[in-house]
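Okay, everyone, let me put this one up on the screen. I'll talk about a pair of helices to begin with, and then about chain A.

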Amino acid sequence: MIPIDNFLVLSAILFSLGMYGVLARRNAVLILMSVELMLQAVVINFVAFAVYLDPETFTGIIFGIFVIVIAAAEVGLALAIILRLFRNRQISNVDEADLLKW
Amino acid sequence: MGMDQAWLIPAIPAAAFVILLIFGPYLPRKGDWLAIAAIGTSFILVFPVLADLLDQADGTTYVAGEKAWEWLSFDLAGAGETFNIEIGFYVDPITIVMLAVVTLIALMVQVYSIAYMKGDSRYGWYFTAMSLFAASMLTLVLANNLLLLYAGWEAVGFCSFLLIGFWYEKRSAAEAAKKAFITTRIGDVGLLIGIIMLWLEGPNTFNIQEIIAFAEEGGYETTYLTAAVLFLFMGALGKSGQFPLHVWLPDAMEGPTPVSALIHAATMVVAGVYLVARMLPLFELADPIALDIVLVVGLITVMISATMGLAATDIKRVIAYSTLNSLGLMFVALGSSAVTAAMLYLFVHAFFKALLFLGAGSVIHATEEQDMNRLGGLAAKMPITAAMFAIGTLAMIGIIPLSGFWAKDEVLAVTREEQHIVVYLVLLSSLFITGLYMTRLFVRTFLFAPREQEVYDRAHENGLLITVPLLILGLLATVGGFVVFDEVGEALGFAGGFGQFVFLHEAHGFEFHLDVAVTSTVLAGGGVVFGWFLWRDKAELAASVRDRFAPISTLLANRYYIDEIYQFAIDHIVLGAGALIAWFDRVVVNDAGVNGSANIGYLAGFEAKFLQTGRLPNYALAIVAGILLLSVVMLVALV
């Protein structure tokens, strides 16, 4: 059996990549993709722990499926927001959308 | 019907008050008949209660009637005791004397008021307030515990406020009402402190007799008891207008005259005397200084009021000073622990002082004038009023055989036996002054040539509603003093004279003190004769005496500047302290405390809001930084 460390390292790398993307990117679509990457890192964690710690039940795996479903819904919502932003203001850069401030 | 039903006596006027308050304006004649019927019934009910008390008495040992209902009862937190407040009534000879006085005078005054207050825009309200007063005063008198007594005490003070300020459109009346209320309240605070002190160290009850019994067993420490009774006395001081809280009573004459007769002469102001008489066993158990203070206060009041009476020109004010004079005498008697003398004086004083006030009211009603400098010669036009007023005057001065003489004689005899000779001499000298100013009052109002023809022309004898109460009170003021005789008491069904009905430790028969009687009669009579010569005709002699002693007469006319001193103290000390506290409240509490803390929140919010840049990357960075921070904390904590 593959040691759990491998999965955790993979998950950490994926998460860090995603985090870097969220922090460094300015394009809204790329930020969204980075967020997805972080979510998938979490899913890997869930599944890995589920198999290693409690192979009898499916709790962790079901959680992984939940995360995927929510991520899909989130993508639908976020893309709609990004589309409206582009349609109305011709911007896709999150730096330029700063109306929601004091 | 007996002592157990004594609660009906205050309950009936109280019911009348409630009915008048709600339905008064819709009743025929605004309901004055209801108020009078109620107080009349109360008056009649006093007799079966008295008969019951006498029936159950064995010789001169009276069995007091007591009946109480629980009103409030709860466990005291932590003390493991139950706290009880009762509504209870207690009937003993002192109570009976007070009940008889209050109901009878109230009845007379209310009948008189039908004519006196006729046509007043608040005629109905007058009788409503009078009913409330009667109910409160009777509750005060009958109360078996100090809390109920205090409730009645405050209620009569409130009624006094309402009725002094009855014509509140007049600025002076409104201010007099306020002054009376605030001045008596200073004393009332003391009374409440005294009650709480007696309860706190006492047998967890407010019942007067139980407190007295507890004190007699030595339950209270002497110093503590002395402080407590002196606080009680403070209440009496305010209510009975004793020095230094006497300033409200002369001003209270702004109220309608029948109100002055009932509240500010015969009943409410003697509540202080009643309180001290009721609690006298405690005063005796306390340090002797307590009774000495009662005595000295009474003595000071007697002297200052008698001398101020010499200078006042308003007839009602002169009578008000004579009331202070009489109340002072009662306190002198109490200071010598002579309940009999004090209560006897209270009893007859009610008759002749109510008579004087109602007589003055008759003059005011007929002439619409109450300044002695504008009256004079009214005897020719108002013979009944003048005759009754003369009886009241002579009774007040204490001329044998009128009622005032017997009571005053008792007080003098007691002070001569019990007190230092100086006290006796001061009282004797006050009798002379009393003779002077009462003679002045009568002579200036009723005799010699009228000073204002216009006022004189208005004068006429009043109708039966006014003269009949005057005649009844005149009769009582004449014969009321005879109750001191054992034969009179026995004829009325008592065990003997007044001294065998109202007493503190043991009953005593009537003794006639010839030397005291002769001395007092000579002095009082001398005052009358001297006063006659001073103020006869145009009072030229009095004017020359006044000019001769100008500083003294100015001092008296300005009432020893006591009001001015109080005004100064209020302006500078009370208002000064008030300004300081107001400053503290405004600057420290409000500006720094309330607004200050609000400003901190506001400023913090104002500065912090700029953290909300509205830029997504900033938020993302903040979230990541937060996670990293938490991770570091976790790591440190775990490792």
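So, look at chain B, where helix α15, residues 339–367, packs with helix α17, residues 403–418, at an angle of about 155° and with the axes 9 Å apart. Anything over 145 degrees counts as roughly antiparallel, so α15(B) is roughly antiparallel to α17(B). The crossing of these two, α15(B) and α17(B), is left-handed. Keep in mind that this is a predicted model.

Who makes the contact? On the α15(B) side you've got B:Thr340, B:Ala341, B:Leu344, B:Tyr345, B:Val348, B:Phe351 and B:Phe352. On the α17(B) side, B:Ser403, B:Gly404, B:Ala407, B:Glu410, B:Val411 and B:Val414 join in. Sort the residues of that contact by type and you get nine nonpolar, three polar and one charged.

Now over to chain A. Of the 102 residues in chain A, 13% count as buried.

Last bit: how do the chains touch? Here 11 residues of chain B are in contact with 10 residues of chain A. On the chain B side, those residues divide into six nonpolar, three polar and two charged.

Definitions and conventions. Residues are numbered from 1 along each chain as its sequence is written. Chains are lettered from A and ligands numbered from 1 in the order in which they are written. This is a predicted model: local features need pLDDT of at least 70, side-chain atom pairs count only at pLDDT 80 or more; totals for chains, interfaces and linings use all residues. Two residues are in contact if their C-beta atoms, placed from the backbone, lie within 7 Å. Ala, Val, Leu, Ile, Met, Phe, Trp, Tyr, Cys and Pro count as nonpolar, Asp, Glu, Lys and Arg as charged, and the others, Gly among them, as polar. Axes are lines fitted to C-alpha atoms, for helices over the stretch in contact, and angles run from 0 to 180 degrees between N-to-C directions. Helices (H or I, at least four residues) and strands (E, at least two) are DSSP runs, numbered from the N terminus. Angles under 35 degrees count as roughly parallel, over 145 as roughly antiparallel, 65 to 115 as roughly perpendicular and the rest as oblique. A crossing is left-handed if the near helix is turned anticlockwise from the far one by less than a right angle, and right-handed if clockwise. A residue is buried if 20 or more other C-beta atoms lie within 10 Å of its own, exposed if 12 or fewer, and partly exposed in between; C-beta atoms are placed from the backbone.
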